[in-house]
Amino acid sequence: MDSSVHLDNTVMQFGDFTAIQKTDLKIESGEFFSFLGPSGCGKTTILNMISGFLDPTQGDVKIGGQSMRGVPANKRPTSMIFQNLALFPLMTVSENIEFGLEVRGVSRSERKKASNRLLELVALEDSGTKKIAELSGGQKQRIAIARALAVEPQVLLLDEPLSALDLKLRQHMRTELKAIQRKTGITFIYITHDQGEALTMSDRVAVMSAGQIQQVADPITLYRDPHTAFVASFVGENNGVSGKIIEVNSAFVTLDCGPLGKLVGRAQGNLSVGQTATLFIRPEHFRLQAEDGMHSLQAEIQEVNFEGAYLTLNANTPANQALSIQLGTHQFSDALKKGAPVSLSYREQDAIVIVGADHV
Amino acid sequence: MFSQLKARFGSGLAVGIIGMIAIWLIGLVILPQLLMVDYSFRPNLLPADIGGPKDVYSLTNYETLFNNLIHLKIFFKTIWSSVLVTSLTLIVSYPIAFYLAKVATPQKAALCLLLLIIPFWINEILRTFSWYIILAYKGPLNALLLGLGLIDRPIRFLSGDGGVLIGMVYAYILFMIFPIYNAIESLDTNQIKAARNLGAGWIRTHWRVVIPHAKPGIATGCIMTFMLAAGSYAVPALLGSPGSRWFTQIIYNWFFEGGDWNQGAAYAFLLLIICIGFIALVMRIFKVGLGDIAK
């Protein structure tokens, strides 16, 4: 069954405000796809367009190749898990799960069978007759999943469903969601502002900012090869150093970073001499010992934090820019203390130069 | 209660407040009611006979109703018509309340509420009388319907119960809209979206999700409307025809035309008791508790 979702040149406007810039995006059948972005970036609007609560101003949403224009929310092959779950508090757990089937005129015995099967899937076999208020946060979460799956949707939409859970439960539910996705084989579209969730669960992630998709890629590419300054600083931790491009040499460019000297990094896209650009280096890519072909910058240590398996340093450059550095604990020495100078080296292929000023 | 008031205002003021509430409750509510209870069990006598050998307690006044078929018929017609008024008001008010609570933008909702409230700044008699004009045989409504070609000749809205029903639905609509509006407003909009998302059409979404949530508000609105309708005097007096007398009019007649306060008091209590009993029964059937309504 084709359960792909295609945002076909979709635009969403509310009055003068454009919530979603023109977007063309195809989400493959059976994919675990995430939209990642800060709040207000338009990701919930996308979910509302796919589920039918909003009609795009321009363009179309296609599910399984079928245009959804004019198809109301209750006739679409999608199912949504709401941020606050929106379970029906006046119904029992079973009634909640069976609601979608009841609507479709499925017989009582068939409904019972389906709800038992789903309760088993989410490992809550004995909870059918319970009231929603009697469930814990994690149990409610799983009932919401069961209710959404009961209608056998082609596409499951998840609107930050884990944000209300505590850390441990959240990590557990990530594994569980991924397992359910594998078991059912349907398309999952996941909305989150939590990059950890997006990176661990997704096949592909779309990073969004201000109504625009910045980059669509698998999690590793997104981390290693960000296309825009926003993605570089939003996904994972990053240090951005701005400067002016003074030399472009095939894949690598040299930046004049003022008091930090000349720094070299891998070019992202087409860059030319004279442009303002930002060099991004991840905290874990800094070394204390320079090796051949490495580049270095000088800084002064502000703070040393011991985190167990690793150390984090906060340092200040002569340009008064804060850097964050992550080192293996074995590299700890007494020389690493507040106020001490430190020489930070990196390999040029680990640094990435993106045009424009640092975003954050 | 006293210690709370004392802590807040000092004992002097606390005694004053409690005293005033007590005077108000006892003097203006409890005593007159008790006096009416007393009246209702005693015969209607000439002033000279009051306190004399004929002045004994009996159920005679209460029995009068059950021996007077016309009064009994009007009594049950009043209850039945009040049920009808309540149902009609509910049917009219629910969509308005839902629109105000969940569909309209805040500005539109405020405007609609204002438009609903403004007519109620006008005296009830005047408001009711304006319906008399609207519904008159040669009035604007008939003129409009004739003009549109929907009817061939004017309708006598004001003969029979039609005028009374319309007038009462209009008079009590706010008492229905506001409790339902409050109840629906407290419903999480995602619940409605979830029902839609799971495939429910509008009717089922309301039936299974919105109405169960709004039940206490609906109950409050229905009780208020029912009690007001059953106890209404102005609307049936103005818009009613001779054939559509309300029981309150008979009570009025006993008091002010028959001069028999004792009989009037007994009738009034019968109406009150039956209304309370009826409401208790309906609340039981729809499984609404007193606690739900007090919310």
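The model is predicted.

User: What does the C-alpha trace of chain B span along its principal axes, and what share of its residues count as buried?
Analyst: Along the principal axes, the trace spans about 75 × 70 × 35 Å. Burial here takes 20 or more other C-beta atoms within 10 Å of a residue's own. Of the 295 residues of chain B, the share that counts as buried is 30%.

User: In chain B, what share of the contacts with a separation of 6 or more comes from residues 24 or more positions apart?
Analyst: A contact needs C-beta atoms within 7 Å. Among the chain B contacts with a separation of 6 or more, residues 24 or more positions apart account for 69%.

User: Which residues of chain B carry the UniProt annotation "transmembrane region", and what is the helix content of residues 79-101?
Analyst: The unreviewed UniProt entry places the annotation at residues 12-35, 79-101, 163-181 and 264-286 of chain B. In residues 12-35 of chain B, the end C-alpha atoms lie 32 Å apart, and the span is 100% helix. In residues 79-101 of chain B, the end C-alpha atoms lie 31 Å apart, with 0% strand and a helix content of 100%.

User: Which element gives the most to the side of chain B that touches chain A?
Analyst: The contact takes 15 residues from chain B and 16 residues from chain A. On the chain B side, α9 (189-197) and α10 (202-230) each supply at least two residues. By class, that side has five nonpolar, six polar and four charged residues. With six residues, the element that gives the most is α9(B).

User: Where does UniProt place the feature "domain: ABC transporter" in chain A?
Analyst: The span in question is 37% helix and 26% strand. Its end C-alpha atoms lie 24 Å apart. The unreviewed entry places the feature at residues 5-235 of chain A.

User: How many residues does the contact take from domain 1 and from domain 2 of chain A?
Analyst: The assignment gives domain 1 (5-229) and domain 2 (238-355). Their centres, taken over C-alpha atoms, are separated by 39 Å. On the domain 1 side, the touching residues are two nonpolar, two polar and no charged. The contact takes four residues from domain 1 of chain A and four residues from domain 2 of chain A.

User: Which helix packs on the open sheet of four strands in chain A?
Analyst: The strand order is β2-β1-β4-β5, with antiparallel pairing. β2 (17-27) and β5 (66-67) are the edge strands. Seven bridges join β1 (residues 5-14) to β2(A), and A:M12 stands opposite A:I20. The helix touching β1, β2 and β4 (58-63), at about 115 degrees to β1(A), is α1 (residues 43-51) of chain A.

User: Which residue in the turn between β11(A) and β12(A) has a positive phi?
Analyst: β11 (residues 239-249) pairs with β14 (residues 276-281) of chain A over six antiparallel bridges. β11(A) also pairs with β12 (residues 252-256) in the antiparallel sense, over five bridges, and A:V248 has A:V253 as its bridge partner. β11(A) and β12(A) form a hairpin with two residues between them. The turn residue with a positive phi, about 45 degrees, is A:S250.

Methods
Residues are numbered from 1 along each chain as its sequence is written. Chains are lettered from A and ligands numbered from 1 in the order in which they are written. This is a predicted model: local features need pLDDT of at least 70, side-chain atom pairs count only at pLDDT 80 or more; totals for chains, interfaces and linings use all residues. A residue is buried if 20 or more other C-beta atoms lie within 10 Å of its own, exposed if 12 or fewer, and partly exposed in between; C-beta atoms are placed from the backbone. Two residues are in contact if their C-beta atoms, placed from the backbone, lie within 7 Å. Ala, Val, Leu, Ile, Met, Phe, Trp, Tyr, Cys and Pro count as nonpolar, Asp, Glu, Lys and Arg as charged, and the others, Gly among them, as polar. Domain bounds come from an automatic or database domain assignment. UniProt positions are given in the numbering used here, feature names are shortened, and annotations may be inferred rather than shown by experiment. Two strands pair if DSSP finds at least two bridges between them. Axes are lines fitted to C-alpha atoms, for helices over the stretch in contact, and angles run from 0 to 180 degrees between N-to-C directions.
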